[in-house]
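Please read the following briefing alongside the sequence and the coordinates. It is arranged by topic, beginning with the contact between the chains and ending with the annotated positions.

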2 protein chains.
Amino acid sequence: MTQKTVAIIGSGNWGSAIARIIGNTVIQHSSTFQERVPMWVFEEMVDDKKLSEIINTEHINVKYLPGKKIPVNVVAVPDLMEATKNADILVFVVPHQFVEKICHQLKGTVKDTAVAVSLIKGLSSKSTNTQLRLISEDIGEMLGIDVAVLMGANLAPEVANDNFCEATIGSKSLSTAMELKKLFHTDNFRINVVQDFQTVEICGALKNVVACAAGFSDGLGYGDNTKAAIIRLGLMEMMRFIEYFYPNTRIKTFFESCGIADLVTTCYGGRNRKVCEAFAKTKRPIHELEIELLKGQSAQGPLTAAELYEVIKTRDLLKMFPLFEAVHNICIGQVPVEDFIGKIRNHPEYEDRSNDEFH
Amino acid sequence: MTQKTVAIIGSGNWGSAIARIIGNTVIQHSSTFQERVPMWVFEEMVDDKKLSEIINTEHINVKYLPGKKIPVNVVAVPDLMEATKNADILVFVVPHQFVEKICHQLKGTVKDTAVAVSLIKGLSSKSTNTQLRLISEDIGEMLGIDVAVLMGANLAPEVANDNFCEATIGSKSLSTAMELKKLFHTDNFRINVVQDFQTVEICGALKNVVACAAGFSDGLGYGDNTKAAIIRLGLMEMMRFIEYFYPNTRIKTFFESCGIADLVTTCYGGRNRKVCEAFAKTKRPIHELEIELLKGQSAQGPLTAAELYEVIKTRDLLKMFPLFEAVHNICIGQVPVEDFIGKIRNHPEYEDRSNDEFH
């Protein structure tokens, strides 16, 4: 068996953190993987030096993950074609707006037998008002290969600090899943694999909408129990949504890191929560608060809420998703944030379910 | 149909908060319930006046829920027998150490057709080293009646403030469940009913052990993702434990307020988290920290961990529950808190589950 070549596409904060893991695991499993791991770097100048050259001499991404060593066998490559040449495993870890352009460039150059794994959270911009599309679907269609996903409650700074964290890999194929587990699983980065890849991926997008609701609750001054009720109702809508659009979903997947763990972290610590808390307190436009609070990063929640809203409205499903609907209407200024609780008070979760429960 | 008499047994912080709800719902559903609701008060003197008399004149429990009006149809009664005379629904809301004595007094005086509902969180002190016992089982056995439970992410102060909160009622019988829903469900206190009463009740005890683990994580300075991983592993052990001892449990029950919602609230805001955070930081004995931080209240988590430990050890199940085991061993000083992550790193959750997942 020849060793497989792993290429990392992306070298931001998350890409650099994951490069620290992959650089070590490929050596640990050197009969499975090639030791040299090319990492595509979007070239930019840092203090008059090329970022790729800094990474290859200092072995630190001084711009996006300062102070953390990247193993020397991870090699920064500014040319995308060169970085991905002969790759058997393509690790996608770029901002989601770059996916289409990258795949367009890669089209036709990737081995038939290659697989990709996407670490990108969010929805495809090709989503329509009747169907959301997953980023993994975009990659898979454009490159003609299988795409797995890795999601979970794992923010780059904690992973880069070697803190104990978890992640979930979702993959259609068992052999791909087990190979990817080898590539990512370490003493401090604990991986579970599931087959239900669509649930894994879409949880990562929908949780941001629930985090907006949690932020409203915080901003309105409600306590822990109100927030817990909101998070729970949000989770119920996530489950309904995924069950409706992906009927093969397994309820167990929601108990993985990509499910409740990531949801809870995002609702207590994430940036969507933060922006929406500030929105509820100040009533200032969300895009202004993003600039001020997130220093150029964006909050995906309001955008995802808008996309969800279109899909559920077009399909006449608004009654099933009062929390998603309310988050969207509040974010666009159609409903005052003070009305939020009123919009979820008669949630379908509270309807009589005795036929289902008592048997 | 004659109206049913509701008696509230207990008038502490939680009892008084729930009396505010019941006092209103019995009037709203006056064809179902008697309007007069006796509430047993453990008599004590407050500023030279009897607490029961203060409640019946000022309609405020000045000692345990100051500033909040209790409806006038809730009548404080210092005599337990008088308070429960002819009761059709007995609402138990007392500290768990009083249950046995109260049931002993009530034995033989309760109608055959009566039902009880327990709002008491914790385990029975009659638990043995082979089997945990539920408080509802104690009440049911001693009084010879059916016992339902009401649990969830609902702390008395928030419920008393009429904040939006949820609760779960677990009841064997559909008719009891629906009647209790009438008694508790309001615009701000939203009730779901399930049949799986044992899961509802035991979640309320086990979550405190997980909250100890979350407190260790906070005290050791770990971040959001480590804490999310710990909470998730704790939830998995709760589910394993309940599935093992109560094989009829339904996974859906964990998605109710009594499950993940209560767990999350407790792991972010509860007193077990607080004491165990302080323990990890200071290494001072837990009973000292309780006195200092909880002003006389106790943290149930370490006690429940000790009871769990006996049961799982006796049955040779320690390997399935490394988090529960570690919490107990750390609380009793057998294992340094710094070793906590080491004890859960190879959790059975991370074992190869491909046979189960890929089909």
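Between them, chain B and chain A bury about 5,500 Å², of which 54% lies on carbon and sulfur atoms; buried area here is the accessible area, computed with a 1.4 Å probe, that two parts lose on being put together, summed over both. The three residues Phe164(B), Phe255(B) and Phe358(B) supply 15% of the area that chain B buries against chain A, more than any other three residues. This is a predicted model, in which local features need pLDDT of at least 70 and side-chain atom pairs count only at pLDDT 80 or more, whereas totals for chains, interfaces and linings use all residues. Residues are numbered from 1 along each chain as its sequence is written, chains are lettered from A and ligands numbered from 1 in the order in which they are written, and side-chain values use heavy atoms, with hydrogens and water left out.

**Interface between the chains**

- In terms of contact (heavy atoms within 4.5 Å), 61 residues of chain B meet 61 residues of chain A.
- Across this interface the rule finds 32 residue pairs in polar contact, both residues being at pLDDT 80 or more; a polar contact is a pair of N or O atoms within 3.5 Å, where within protein one must be able to donate a hydrogen and the other to accept it, and where residues adjacent in sequence count only if both atoms are side-chain atoms.
- The elements of chain B that each supply at least two residues to the side touching chain A are strand 9 (165-170), helix 7 (174-184), strand 10 (189-194), helix 9 (224-245), helix 10 (257-269), helix 15 (340-344) and helix 16 (354-357); helices (H or I, at least four residues) and strands (E, at least two) are DSSP runs, numbered from the N terminus.
- Helix 9 of chain B gives the largest share of that side, with ten residues.
- By residue class, the side of chain B that touches chain A divides into 27 nonpolar, 16 polar and 18 charged residues, where Ala, Val, Leu, Ile, Met, Phe, Trp, Tyr, Cys and Pro count as nonpolar, Asp, Glu, Lys and Arg as charged, and the others, Gly among them, as polar.

**Salt bridges**

- Over all chains the structure holds 40 salt bridges, each defined as a side-chain nitrogen of Lys or Arg within 4 Å of a carboxyl oxygen of Asp or Glu.
- Six salt bridges are found across the interface of chain B and chain A, and the side chains of Asp356(B) and Lys252(A) meet in a salt bridge at 2.6 Å, N to O.
- Within chain A, Asp138(A) and Arg133(A) pair through their side chains at 2.6 Å, N to O; Asp138(A) counts as buried at 7% relative accessibility, and Arg133(A) is likewise buried at 17% (buried means under 20% relative accessible area, exposed over 50%, and partly exposed in between, with a 1.4 Å probe and protein chains only).
- Arg284(A), partly exposed at 28% relative accessibility, forms a salt bridge with Glu292(A) at 2.6 Å, N to O.
- In chain B, the closest N and O atoms of the salt bridge between Glu141(B) and Arg133(B) are 3.2 Å apart; Glu141(B) is exposed at 59% relative accessibility, whereas Arg133(B) is buried at 17%.
- Salt bridges that share partners join Glu166(A), Glu256(A), Arg232(B), Arg240(B) and Glu349(B) into one network.

**Annotated active site**

- An unreviewed UniProt entry gives the annotation "active site" for Lys207(A); UniProt positions follow the numbering used here, feature names are shortened, and annotations may be inferred rather than shown by experiment.
- Lys207(A) lies in helix 8 (residues 197-219) of chain A and, at 7% relative accessibility, counts as buried.
- Not counting residues up to four places away in sequence, Lys207(A) touches Lys121(A), Met238(A), Asp262(A), Leu263(A) and Thr266(A).

**Annotated binding site**

- The "binding site" annotation of the unreviewed UniProt entry includes Gly10(A), Phe42(A), Arg271(A) and Gln300(A); the listed residues span 291 residues in sequence, with the farthest two C-alpha atoms 24.8 Å apart, so they do not all gather at one spot.
- Gly10(A) sits in the loop between strand 1 (6-9) and helix 1 (13-28) of chain A and is buried at 4% relative accessibility.
- Gln300(A) belongs to helix 13 (residues 300-314) of chain A, is buried at 15% relative accessibility, and makes a side-chain polar contact with the side chain of Ser298(A) at 3.5 Å.
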